[in-house]
Amino acid sequence: MISIQELILRYFRTLSILSLRYLVFAGTLFLIFYVWKKRDFFKLKIQQKYPDNKHILREMGYSFLSIAIFSLVGTTMFILRKHGYTQMYLNFSDHSIGYFIFSVIAFILLHDTYFYFTHRFMHWKPIYPYIHKVHHLSVNPTPWAAFAFHPLEAIVEVGIVPIMIFLMPLHPFALLAWVLYQTGMNVLGHLGFELFPSGFTNGFLTKFSNTSTHHNMHHKYVTSNYGLYFNIWDRMLGTNHPEYTEQFEIVKARSKAMESEEERGNTSLQGSALADEAIS
Ligand SMILES: [Zn+2]
Ligand SMILES: [Zn+2]
């Protein structure tokens, strides 16, 4: 039997780990792209302006609320695992290394599918204003928006975890690998800067990966680009924004033009002037 004290400790432990994960991923990228190297990276900014501080604080507030909810679900999963209701296994030798790799890939692919369809459902007009609109208050998102959800959406988002641990045997390290990949991609999607090279959205394989521009356009235009990790469901169901590739290349071309300017010696003048203008 698990004591109340143990549960409270477990909850705060989960809360600390998940908060730290958010602060490290979102905080590091925010500091680099929005503070320290703001001027250097301005040329890669997808929307050539920065959001007000009040938007950033809202993104952080909702994200921490979501993390508190994720931790509740995490603690509940811990109780269920202790009582043997889940398929989680703790001994690495219970399954092969091949199975371990398969379980991580399956988790990522199933989550991509789960996310696409629950996301589209939350865009359904009768329910959109009550739940998912909170996430779309960020029209020009920053990495802090990664978990900025309405509490009900936070429950939907974390719903993939119980599904997976009831569905197939998973080692905690498989869960950890997914958590790290998920957080990295999620933060990248909300970064607001395009880091992938020109031609990425047309590459033989790379076109199936989503980009920061892809999710940034979802925040800007709302009714297209629903996917999370991969550009598979959006392609299959025709929900990519028609100007996705064009907009991606516009960012790349602008960045190149600004670099040429820099080479001609105008740099910091132009970069700083534009960045300063965008802040004010
Ligand atoms: Zn959405
Ligand atoms: Zn988003």
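Q: How many C-beta neighbours inside 10 Å does Ala68 have, and how does Ala68 count: buried, partly exposed or exposed?
A: Keep in mind that this is a predicted model. Ala68 has 16 C-beta neighbours inside 10 Å. A residue needs 20 or more to be buried and 12 or fewer to be exposed, so Ala68 with its 16 counts as partly exposed.

Q: How do H1 and H3 cross, and are they parallel, perpendicular or oblique?
A: The axes of H1 and H3 come within 8 Å and cross at roughly 135°. Angles over 145 would be roughly antiparallel and 65 to 115 roughly perpendicular, so the label for H1 against H3 is oblique.

Q: Which residues make the contact of H1 with H3, and how do they divide by class?
A: The crossing of H1 and H3 is right-handed. From H1 come Leu7, Arg10, Tyr11, Thr14, Leu15, Leu18, Ser19 and Tyr22. H3 brings Ser63, Phe64, Ile67, Ala68, Phe70, Ser71, Gly74, Thr75 and Phe78. By class, that contact has 10 nonpolar, 6 polar and 1 charged residues.

Q: At what angle do H1 and H7 cross, and what classes of residue make the contact?
A: The axes of H1 and H7 come within 10 Å and cross at roughly 35°, and H1 passes H7 in a right-handed crossing. The contact is made by Arg21, Phe25, Ala26 and Leu29 of H1 with Thr183, Gly184 and Val187 of H7. Those residues divide into 4 nonpolar, 2 polar and 1 charged.

Q: How do H4 and H7 pack, and which residues make the contact?
A: H4 (residues 97-122) and H7 (residues 172-189) pack at an angle of about 40°, with axes 9 Å apart, and are therefore oblique to each other. H4 passes H7 in a right-handed crossing. The contact has 8 nonpolar, 3 polar and no charged residues. On the H4 side are Phe100, Ser103, Val104, Phe107, Ile108 and His111, and on the H7 side Ala174, Ala177, Trp178, Tyr181 and Gln182.

Q: Which residues of H4 are buried, and what do they pack against?
A: H4 has 26 residues that should span 38 Å at 1.5 Å a residue, and its end C-alpha atoms are 37 Å apart, which agrees. Buried in H4 are Ser103, Phe107, His111, Phe115, Tyr116 and Met122. They pack against H5, H6, H7 and H9.

Q: Which residues of H7 are buried, and what covers them?
A: H7 has 18 residues and reaches 25 Å from first C-alpha to last, close to the 26 Å expected. Ala174, Trp178, Gln182, Met185, Asn186, Val187, Leu188 and Gly189 are buried in H7. What covers them includes H1, H4 and H8.

Q: Is Lys252 buried or exposed, and which residues does Lys252 touch?
A: Lys252 is found in helix H10 (residues 244-279), and with 20 other C-beta atoms within 10 Å it is buried. Glu194 is 58 residues apart from Lys252 in sequence but 7.9 Å apart in space, C-alpha to C-alpha. Not counting residues up to four places away in sequence, Lys252 touches Glu194 and Ser198.

Q: What is the phi of Val222, and what is that of Asn225?
A: Most residues other than glycine have a negative phi. Val222 lies in the loop between H8 and H9 and counts as partly exposed, with 14 C-beta neighbours inside 10 Å. Asn225 is in the loop between H8 and H9 too, but is buried, with 23 other C-beta atoms within 10 Å. Both phi values are positive: Val222 is near 70°, and Asn225 is near 55°.

Terms used. Residues numbered from 1 in each chain as written. Chains lettered and ligands numbered in written order. Predicted model: local features only at pLDDT ≥ 70, side-chain atom pairs only at ≥ 80, totals over all residues. Axes fitted to C-alpha atoms, helices over the stretch in contact; angles between N-to-C directions. Helix = DSSP H or I, 4+ residues; strand = E, 2+ residues; numbered from the N terminus. Parallel < 35°, antiparallel > 145°, perpendicular 65-115°, else oblique. Left-handed = near helix turned anticlockwise from the far one by under 90°. Contact = placed C-beta atoms within 7 Å. Nonpolar A, V, L, I, M, F, W, Y, C, P; charged D, E, K, R; others polar. Expected span 1.5 Å × (residues − 1).
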